[in-house]
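The sequence and the model come first.

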Amino acid sequence: MEKYLFYSYLKYLKVTKNTVWPKLLKLPKYILVTVIIALLCFIAAIIFLFLKIIWVTAIFASGEIIFCLVTVYLINYYQISCSALNFQEYKDYCIDLKSWLCTFDITTRESVKDIQKRICGILEKARKEEEFADERIFKWLQTLIIPIVLVCVTAFVSSDDDISVKITSVILTLVVFAIVYGAYSILKSINGLFQKRKIQQLECFANDLQGVLDFFES
């Protein structure tokens, strides 16, 4: 049941526009402006870096850092100045979420707590799967590196070819390994992004259920 409820929750967030982008667009315009300027500075720095105009790259890179720091300061200031309003908005959101849970026959504090416990169980399992996958990649890389190094050294020492041919063979071996491992890493990273996103969504759901429990009597 908790899995169906989780996906229904994600749909509920989209319907009520409580996803990340709508929340970001609610930020004051002066914060959005500093974010856009920082992003433009970053893009300009990359472009001039490829053009090898170092001094211009340094200017835009410095501008990016400055506007990032300004953005962080403005966001902190905004959060402090609007803390009371944000608290009330979150309280109203939790009360609405409580009403939404009632449509799934989750009407008591105990039932909400039970669902939260199940979601936390799924979250913990997802975290362990992510950690296991990272450890498996690291061990797989360790297992491959040593044989490849031995093959390269053996080929370099035992071969009767010219030294330039030996070096070329070693480089080709390393390049092939880099391509294969790079392709695998890219695919794994793409899959990892979805896994991390799911973990963040589960964390959000668990936190929102705790908010419902905090305001349950309201």
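## Aromatic rings and surface

One aromatic cluster is formed by Phe 6, Tyr 7, Tyr 9 and Phe 205. The model is predicted: local features need pLDDT of at least 70 and side-chain atom pairs count only at pLDDT 80 or more, while totals for chains, interfaces and linings use all residues. Residues are numbered from 1 along each chain as its sequence is written, and side-chain values use heavy atoms, with hydrogens and water left out.

A pair of aromatic rings is described by the distance of the centres and the angle of the planes. Rings of Phe, Tyr and Trp (its six-membered ring) pair if their centres lie within 6.5 Å; planes under 30 degrees apart count as stacked, over 60 as edge-to-face and the rest as tilted. The count by this rule is nine aromatic pairs. Two of the pairs are tabulated here.

| Pair | Centre distance | Plane angle | Class |
|---|---|---|---|
| Phe 6 and Phe 205 | 6.3 Å | 35 degrees | tilted |
| Phe 87 and Phe 215 | 5.8 Å | 65 degrees | edge-to-face |

Helices (H or I, at least four residues) and strands (E, at least two) are DSSP runs, numbered from the N terminus. Phe 6 and Phe 205 are both buried; buried means under 20% relative accessible area, exposed over 50%, and partly exposed in between (1.4 Å probe, protein chains only).

The pair of Phe 87 and Phe 215 also joins distant parts of the chain, with Phe 87 in helix H5 (residues 83–102) and Phe 215 in the segment after H7, 128 residues apart. Phe 87 has 47% relative accessibility, so Phe 87 counts as partly exposed. Phe 215, at 13%, counts as buried.

The protein chain has seven helices and zero strands. Of its 218 residues, 26% are buried. Where contact means heavy atoms within 4.5 Å, 81% of contacts between residues at least 6 apart in sequence join residues at least 24 apart.

The protein chain exposes about 15,500 Å², of which carbon and sulfur atoms supply 69%; accessible areas come from the Shrake-Rupley method with a 1.4 Å probe. Phe 50 lies in helix H3 and is exposed, with a relative accessible area of 67%.
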